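Hi,

Here is the structure I promised to pass on.

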Amino acid sequence: MYLDVAHQRTFYDLPLGRMLRVLVGARIRTFWPTLTGRRLIGIGYTGPYMRPYLDEAERCIAAMPAAQGVVAWPRGGRNSATLVDETDLPFPDSIFDNALLVHGIDHCGDPDALLREVWRVLTPGGRLIVVVPNRRGLWARSEISPFGYGRPFSRGQIEQLLKTCQFRTTGSDEALCLPPTRSRLLLRSARAWEQVGRRLWPAFAGLLIIEAEKQLFRGVPVGKKRLVHALRPVFIPDGAAPGMHGSAHRRDPAPKS
(Lines give C-alpha, C1' and ligand atoms only; values in the text may rest on other atoms or scores of the structure.)
Protein backbone atom coordinates (compact mmCIF):
# COMPACT_ATOMS: atom_id res chain seq x y z
CA MET A 1 0.00 0.00 0.00
CA TYR A 2 1.15 3.52 -0.71
CA LEU A 3 2.83 5.64 1.94
CA ASP A 4 1.69 9.19 2.59
CA VAL A 5 3.30 11.63 0.16
CA ALA A 6 4.15 14.11 2.93
CA HIS A 7 6.24 11.50 4.74
CA GLN A 8 8.04 10.56 1.55
CA ARG A 9 8.91 14.17 0.84
CA THR A 10 10.19 14.56 4.41
CA PHE A 11 12.33 11.43 4.04
CA TYR A 12 14.04 12.68 0.88
CA ASP A 13 14.94 15.93 2.67
CA LEU A 14 16.83 14.00 5.38
CA PRO A 15 20.52 12.96 5.04
CA LEU A 16 19.57 9.34 4.30
CA GLY A 17 17.09 10.40 1.64
CA ARG A 18 19.59 12.74 0.02
CA MET A 19 22.10 9.89 -0.09
CA LEU A 20 19.54 7.68 -1.86
CA ARG A 21 18.90 10.42 -4.40
CA VAL A 22 22.58 10.47 -5.30
CA LEU A 23 23.26 6.72 -5.39
CA VAL A 24 20.04 5.59 -7.07
CA GLY A 25 19.94 8.62 -9.35
CA ALA A 26 23.45 7.83 -10.60
CA ARG A 27 22.38 4.32 -11.66
CA ILE A 28 19.29 5.66 -13.46
CA ARG A 29 21.51 8.17 -15.24
CA THR A 30 23.66 5.36 -16.66
CA PHE A 31 20.60 4.09 -18.57
CA TRP A 32 19.38 7.52 -19.60
CA PRO A 33 22.36 9.91 -19.82
CA THR A 34 20.13 12.51 -21.46
CA LEU A 35 16.46 12.87 -22.35
CA THR A 36 16.76 15.96 -24.51
CA GLY A 37 13.57 16.52 -26.48
CA ARG A 38 11.80 13.51 -24.95
CA ARG A 39 8.65 13.34 -22.84
CA LEU A 40 9.00 11.73 -19.39
CA ILE A 41 6.37 10.53 -16.93
CA GLY A 42 7.17 9.42 -13.40
CA ILE A 43 4.66 7.27 -11.49
CA GLY A 44 4.82 6.79 -7.72
CA TYR A 45 7.09 9.22 -5.89
CA THR A 46 9.68 10.02 -8.54
CA GLY A 47 10.42 13.72 -8.12
CA PRO A 48 13.88 13.26 -6.51
CA TYR A 49 14.99 11.14 -9.47
CA MET A 50 13.32 13.17 -12.24
CA ARG A 51 14.82 16.50 -11.20
CA PRO A 52 18.04 16.12 -13.29
CA TYR A 53 15.93 15.77 -16.46
CA LEU A 54 13.64 18.72 -15.78
CA ASP A 55 15.67 21.25 -17.76
CA GLU A 56 16.41 19.02 -20.75
CA ALA A 57 13.31 16.93 -21.39
CA GLU A 58 10.53 18.36 -23.54
CA ARG A 59 8.04 17.51 -20.80
CA CYS A 60 8.23 16.03 -17.29
CA ILE A 61 5.08 14.89 -15.48
CA ALA A 62 5.12 13.51 -11.92
CA ALA A 63 1.98 11.35 -11.70
CA MET A 64 1.25 10.66 -8.04
CA PRO A 65 -1.31 7.94 -7.16
CA ALA A 66 -4.46 9.05 -5.37
CA ALA A 67 -3.88 6.59 -2.53
CA GLN A 68 -0.51 8.24 -1.89
CA GLY A 69 -1.49 11.88 -2.28
CA VAL A 70 0.14 14.68 -4.24
CA VAL A 71 2.46 17.61 -3.52
CA ALA A 72 3.57 20.38 -5.84
CA TRP A 73 6.68 19.50 -7.84
CA PRO A 74 9.25 20.84 -8.49
CA ARG A 75 9.66 23.18 -5.56
CA GLY A 76 10.02 26.80 -6.54
CA GLY A 77 9.01 26.16 -10.13
CA ARG A 78 5.94 25.70 -12.28
CA ASN A 79 3.98 22.73 -11.00
CA SER A 80 4.36 19.53 -13.06
CA ALA A 81 2.70 17.12 -10.61
CA THR A 82 -0.78 15.64 -10.92
CA LEU A 83 -2.99 13.28 -8.90
CA VAL A 84 -3.94 10.13 -10.82
CA ASP A 85 -5.55 6.72 -10.64
CA GLU A 86 -2.46 4.73 -11.58
CA THR A 87 -4.57 2.02 -13.24
CA ASP A 88 -6.47 4.56 -15.37
CA LEU A 89 -4.04 7.31 -16.33
CA PRO A 90 -5.62 10.53 -17.67
CA PHE A 91 -3.37 10.70 -20.75
CA PRO A 92 -3.84 9.77 -24.43
CA ASP A 93 -2.24 6.70 -25.95
CA SER A 94 1.43 6.81 -26.99
CA ILE A 95 2.19 10.27 -25.58
CA PHE A 96 5.36 9.65 -23.48
CA ASP A 97 8.79 8.48 -24.65
CA ASN A 98 10.07 7.41 -21.22
CA ALA A 99 8.47 6.28 -17.96
CA LEU A 100 10.08 6.02 -14.51
CA LEU A 101 8.48 3.99 -11.69
CA VAL A 102 9.83 4.49 -8.15
CA HIS A 103 7.72 3.61 -5.08
CA GLY A 104 5.16 2.52 -7.65
CA ILE A 105 4.99 -1.17 -8.58
CA ASP A 106 6.13 -2.25 -5.11
CA HIS A 107 3.34 -0.22 -3.43
CA CYS A 108 0.57 -0.69 -6.00
CA GLY A 109 -2.23 -3.16 -5.31
CA ASP A 110 -2.42 -4.22 -8.97
CA PRO A 111 1.03 -4.08 -10.63
CA ASP A 112 -0.26 -5.69 -13.83
CA ALA A 113 -2.90 -3.00 -14.34
CA LEU A 114 -0.33 -0.28 -13.62
CA LEU A 115 2.13 -1.68 -16.16
CA ARG A 116 -0.58 -2.03 -18.80
CA GLU A 117 -1.42 1.63 -18.38
CA VAL A 118 2.27 2.52 -18.68
CA TRP A 119 2.40 0.42 -21.86
CA ARG A 120 -0.59 2.30 -23.23
CA VAL A 121 0.78 5.82 -22.70
CA LEU A 122 4.30 4.98 -23.96
CA THR A 123 5.19 5.48 -27.61
CA PRO A 124 6.13 2.37 -29.65
CA GLY A 125 9.64 1.44 -28.53
CA GLY A 126 9.29 3.71 -25.48
CA ARG A 127 11.57 3.01 -22.52
CA LEU A 128 10.62 2.20 -18.95
CA ILE A 129 12.76 2.07 -15.80
CA VAL A 130 11.43 0.28 -12.73
CA VAL A 131 13.10 0.62 -9.32
CA VAL A 132 12.00 -2.02 -6.79
CA PRO A 133 13.31 -3.47 -3.50
CA ASN A 134 15.46 -6.56 -3.97
CA ARG A 135 14.03 -9.62 -2.23
CA ARG A 136 17.57 -10.72 -1.28
CA GLY A 137 18.66 -7.32 0.02
CA LEU A 138 18.60 -5.82 3.51
CA TRP A 139 16.75 -2.65 2.51
CA ALA A 140 13.53 -4.61 1.92
CA ARG A 141 13.74 -5.76 5.57
CA SER A 142 14.40 -2.34 7.09
CA GLU A 143 11.75 0.28 7.76
CA ILE A 144 14.10 3.28 7.78
CA SER A 145 13.22 4.06 4.14
CA PRO A 146 10.10 3.79 1.96
CA PHE A 147 11.72 0.82 0.18
CA GLY A 148 11.08 -1.26 3.31
CA TYR A 149 7.30 -0.84 3.07
CA GLY A 150 6.64 -2.15 -0.43
CA ARG A 151 6.54 -5.58 -2.05
CA PRO A 152 10.09 -6.85 -2.78
CA PHE A 153 10.93 -8.67 -6.01
CA SER A 154 13.59 -11.01 -7.25
CA ARG A 155 15.15 -10.19 -10.61
CA GLY A 156 13.30 -13.09 -12.21
CA GLN A 157 9.95 -11.97 -10.78
CA ILE A 158 10.14 -8.39 -12.00
CA GLU A 159 11.41 -9.41 -15.43
CA GLN A 160 8.59 -11.96 -15.79
CA LEU A 161 6.04 -9.32 -14.75
CA LEU A 162 7.37 -6.94 -17.38
CA LYS A 163 7.32 -9.67 -20.02
CA THR A 164 3.70 -10.52 -19.18
CA CYS A 165 2.79 -6.85 -19.74
CA GLN A 166 4.56 -6.74 -23.12
CA PHE A 167 7.86 -5.17 -22.12
CA ARG A 168 11.24 -6.52 -23.20
CA THR A 169 14.02 -6.17 -20.64
CA THR A 170 16.93 -4.22 -22.15
CA GLY A 171 19.17 -3.80 -19.12
CA SER A 172 19.44 -4.25 -15.35
CA ASP A 173 21.51 -2.88 -12.51
CA GLU A 174 21.67 -2.78 -8.71
CA ALA A 175 21.86 0.02 -6.16
CA LEU A 176 22.28 0.41 -2.39
CA CYS A 177 24.98 -2.15 -1.71
CA LEU A 178 25.66 -0.57 1.68
CA PRO A 179 23.65 -1.71 4.71
CA PRO A 180 20.58 0.33 5.73
CA THR A 181 21.68 2.84 8.36
CA ARG A 182 21.18 6.39 9.57
CA SER A 183 24.79 6.63 10.77
CA ARG A 184 26.24 9.91 9.50
CA LEU A 185 29.71 8.35 9.49
CA LEU A 186 28.57 5.58 7.15
CA LEU A 187 26.54 7.97 5.02
CA ARG A 188 29.62 10.11 4.47
CA SER A 189 31.41 7.06 3.05
CA ALA A 190 28.38 5.79 1.14
CA ARG A 191 30.01 6.12 -2.30
CA ALA A 192 32.94 3.96 -1.21
CA TRP A 193 30.61 1.34 0.29
CA GLU A 194 28.61 1.33 -2.92
CA GLN A 195 31.67 0.72 -5.10
CA VAL A 196 32.90 -2.12 -2.90
CA GLY A 197 29.47 -3.73 -2.65
CA ARG A 198 28.89 -3.61 -6.39
CA ARG A 199 32.05 -5.68 -6.85
CA LEU A 200 31.73 -8.11 -3.95
CA TRP A 201 28.02 -8.69 -3.25
CA PRO A 202 25.87 -7.23 -6.07
CA ALA A 203 23.26 -10.00 -5.69
CA PHE A 204 22.43 -8.64 -2.21
CA ALA A 205 22.04 -5.00 -3.22
CA GLY A 206 19.05 -3.22 -1.76
CA LEU A 207 17.39 -2.26 -5.04
CA LEU A 208 16.92 -3.65 -8.52
CA ILE A 209 16.83 -1.21 -11.43
CA ILE A 210 15.36 -2.69 -14.60
CA GLU A 211 15.07 -0.98 -17.98
CA ALA A 212 12.55 -2.32 -20.49
CA GLU A 213 11.18 -1.45 -23.92
CA LYS A 214 7.55 -1.40 -25.02
CA GLN A 215 6.80 -4.15 -27.51
CA LEU A 216 3.99 -4.19 -30.05
CA PHE A 217 2.73 -7.75 -30.39
CA ARG A 218 -0.98 -7.36 -29.74
CA GLY A 219 -3.47 -4.90 -28.37
CA VAL A 220 -4.09 -4.76 -24.64
CA PRO A 221 -7.67 -3.95 -23.59
CA VAL A 222 -7.86 -1.19 -21.02
CA GLY A 223 -10.86 -1.07 -18.74
CA LYS A 224 -11.83 1.57 -16.23
CA LYS A 225 -11.50 0.62 -12.59
CA ARG A 226 -12.83 2.34 -9.56
CA LEU A 227 -10.53 3.45 -6.78
CA VAL A 228 -10.62 1.18 -3.75
CA HIS A 229 -10.17 2.94 -0.44
CA ALA A 230 -7.83 1.08 1.87
CA LEU A 231 -5.84 1.79 5.00
CA ARG A 232 -2.17 2.46 4.35
CA PRO A 233 0.84 1.85 6.61
CA VAL A 234 2.42 4.71 8.54
CA PHE A 235 6.01 5.66 7.73
CA ILE A 236 7.39 8.41 9.98
CA PRO A 237 10.83 9.48 8.73
CA ASP A 238 13.42 10.01 11.44
CA GLY A 239 13.58 13.76 11.99
CA ALA A 240 9.99 14.52 10.94
CA ALA A 241 8.23 17.37 12.71
CA PRO A 242 6.41 16.30 15.92
CA GLY A 243 3.11 17.69 14.62
CA MET A 244 3.26 15.34 11.64
CA HIS A 245 3.36 12.29 13.91
CA GLY A 246 0.00 13.04 15.46
CA SER A 247 -1.55 13.83 12.10
CA ALA A 248 -0.31 10.61 10.59
CA HIS A 249 -1.74 8.50 13.39
CA ARG A 250 -5.14 10.18 13.13
CA ARG A 251 -5.30 9.47 9.41
CA ASP A 252 -3.89 5.94 9.51
CA PRO A 253 -5.19 4.17 12.64
CA ALA A 254 -4.17 0.71 11.46
CA PRO A 255 -0.51 -0.28 11.98
CA LYS A 256 1.51 -1.89 9.20
CA SER A 257 0.95 -5.63 9.14
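**What I found**

Glu213 is buried, with a relative accessible area of 18% (buried means under 20% relative accessible area, exposed over 50% and partly exposed in between, with a 1.4 Å probe and protein chains only). Before going further: this is a predicted model, where local features need pLDDT of at least 70 and side-chain atom pairs count only at pLDDT 80 or more, while totals for chains, interfaces and linings use all residues. Residues are numbered from 1 along each chain as its sequence is written, and side-chain values use heavy atoms, leaving out hydrogens and water.

Back to Glu213: it forms a salt bridge with Arg168, with the closest N and O atoms 2.6 Å apart (a salt bridge is a side-chain nitrogen of Lys or Arg within 4 Å of a carboxyl oxygen of Asp or Glu). Glu213 lies in strand β7 (residues 207–214) and Arg168 in strand β6, so the pair ties together parts 45 residues apart in sequence. Helices here are DSSP runs of H or I with at least four residues, strands are runs of E with at least two, and both are numbered from the N terminus. Arg168 counts as partly exposed, at 39% relative accessibility.

The count of salt bridges comes to 11. Another one joins Asp173 to Arg27, the closest N and O atoms being 3.0 Å apart. That pair links strand β6 (residues 167–175) with helix α2, 146 residues apart, and both Asp173 and Arg27 are buried. Asp93 also forms a salt bridge with Arg120, at 2.7 Å between the closest N and O atoms. Here Asp93 counts as exposed at 51% relative accessibility, whereas Arg120 counts as buried at 13%. Asp13, Arg21 and Arg75 are linked in a salt-bridge network.

How do α1 and α2 pack? Helix α1 (residues 5–13) and helix α2 (residues 15–31) meet at an angle of about 80°, with their axes 4 Å apart. The axes are lines fitted to C-alpha atoms over the stretch in contact, with angles running from 0 to 180 degrees between N-to-C directions. The two helices are therefore roughly perpendicular (65 to 115 degrees; under 35 is roughly parallel, over 145 roughly antiparallel and the rest oblique).

Cheers
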